[in-house]
Amino acid sequence: MGPGEQPIFTTRAHVFQIDPSTKKNWVPASKQAVTVSYFYDSNRNSYRIISVDGSKIINSTITPNMTFTRTSQKFGQWADSRANTVFGLGFASEQQLSKFAEKFQEVKEAAKMAREKSQEKSDTTSIHSQESGRETPLSNQASSMNGTDDDKISHTPDNPVLMSENNRLKTAVEQSTNQYEAELQALKENNTQLKEALQEANKSVEKWKTHTSACQEENTILKNKIADLEAMCKEVNQEKEKNAQLNVRVQTLENEVKDKEQELENLRKQAEIIPQLMSECDNLNAKLQVAELANQDARGRVSVLQSTFLLNVTQ
């Protein structure tokens, strides 16, 4: 920066330059966001964009022919024919990009006005020098012969306008070319990302296919297990029916056992009476024997009485 230069606007952005070999790819000029400033040189009445990251990575003098182009919501670029490059800036927000673009337009208009004033002064000086008659045709011819092609063109009255228009057209072509190249590069990068995403999607599809195949196999296994379980359930139901029938049979048997136990109890009670009955029977037998003996004795007496009666009758 010169002694007369002062910053008039400052922001921060990631700086890029177009690849000089391919004129297509962006090459990062800074590893991180750096300070980017507009400077005004009061001595030269000129404007520059300057950014320093260890060394100057942007040193671009603004001319009326330059155009700042937004290529995305947070990225913009401009071509610098003097530096023979294209600068790109990546901002953190769309608002920062808008402010930088607005300042670029203001500085561009100021540079245009400064050039017009400079041309007016140059034209006035030229007229005065012609009126003074100090410069002879011979000296003009000598200076024209010794000067460059640009010096020769500058002596032609209409050439500054032609040069300005030519530079404007060149810059417009360069900016359009760079813009399209940048857009093409962005499309290529986007295409590469899409290809990578497609490859990842294909990998995911293959994984899902494998997962689906495994799920189908597992589903088949589960279906077979379900069929086995259903068969087991049928067997269990059959066993339940058999168990129910057995329960009914057991209940019947238990009832029969209860009846038998009752009958046995009755028999036991009857068995308890048997000794008494036997004792009574023995008594009855003894009485019967006594009765029989008495009966026999009575029969003997009857027989004796009959015999006695017959004797008495016969006599």
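Is E5 buried or exposed? With a relative accessibility of 6%, E5 counts as buried, where buried stands for under 20% relative accessible area, exposed for over 50%, and partly exposed for the range in between (1.4 Å probe, protein chains only). The structure is a predicted model, in which local features need pLDDT of at least 70 and side-chain atom pairs count only at pLDDT 80 or more, while totals for chains, interfaces and linings use all residues. Residues are numbered from 1 along each chain as its sequence is written, and side-chain values use heavy atoms, with hydrogens and water left out.

We can start with the overall layout. The chain contains 4 helices and 8 strands, taken as DSSP runs numbered from the N terminus (helices: H or I, at least four residues; strands: E, at least two). Along the sequence these elements follow the order β-β-β-β-β-β-β-β-α-α-α-α. Of the 315 residues in the chain, 19% are buried. Among contacts (heavy atoms within 4.5 Å) with a separation of 6 or more, 53% are between residues 24 or more positions apart.

The interior comes next. In soluble globular proteins, nonpolar side chains tend to be buried together. The largest nonpolar core here has 22 residues, a core being a set of buried Ala, Val, Leu, Ile, Met, Phe, Trp, Tyr and Cys residues joined through side-chain atoms within 4.5 Å. The residues with the most contacts inside this core are V36, I49, I58, W78, L89, F100 and F104. Two or more residues each come from β1 (5-18), β3 (34-41), β4 (46-53), β5 (55-61), β8 (85-90) and α1, and α1 gives the most, with 6 residues.

The structure holds 12 aromatic pairs, counted when ring centres of Phe, Tyr and Trp (its six-membered ring) lie within 6.5 Å; planes under 30 degrees apart are stacked, over 60 edge-to-face, and the rest tilted. One of these is the tilted pair of Y40 and Y47, with 4.7 Å centre to centre and 40° between the planes. Y40 is partly exposed at a relative accessible area of 25%, whereas Y47 is buried at 14%. W78 and F100 also form a tilted pair, 6.2 Å centre to centre with 35° between the planes. Because W78 lies in strand β7 (residues 75-80) and F100 in helix α1 (residues 94-132), the pair ties together parts that are 22 residues apart in sequence. Both W78 and F100 are buried. Ring pairs also link F9, Y38, F68, W78, F87, F91, F100 and F104 into a cluster.

Y38, a member of that cluster, is found in strand β3 and counts as buried at 1% relative accessibility. Neighbours within four places in sequence aside, Y38 is in contact with Q6, P7, I8, F9, R48, I49, F100, K103, F104 and V107. The C-alpha atoms of Y38 and S51 are 9.0 Å apart in space, and the two residues are 13 apart in sequence.

What of the charged side chains? The whole structure has 5 salt bridges, each a side-chain nitrogen of Lys or Arg within 4 Å of a carboxyl oxygen of Asp or Glu. E5 and R48 meet in one of them at 2.6 Å, N to O. This pair links distant parts of the chain, with E5 in strand β1 and R48 in strand β4, 43 residues apart. Like E5, which is buried at 6%, R48 counts as buried, at 15% relative accessibility. E106 and K103 form another bridge at 3.3 Å, N to O; they both lie in helix α1, 3 residues apart, about one turn of the helix. E106 counts as partly exposed at 48% relative accessibility.
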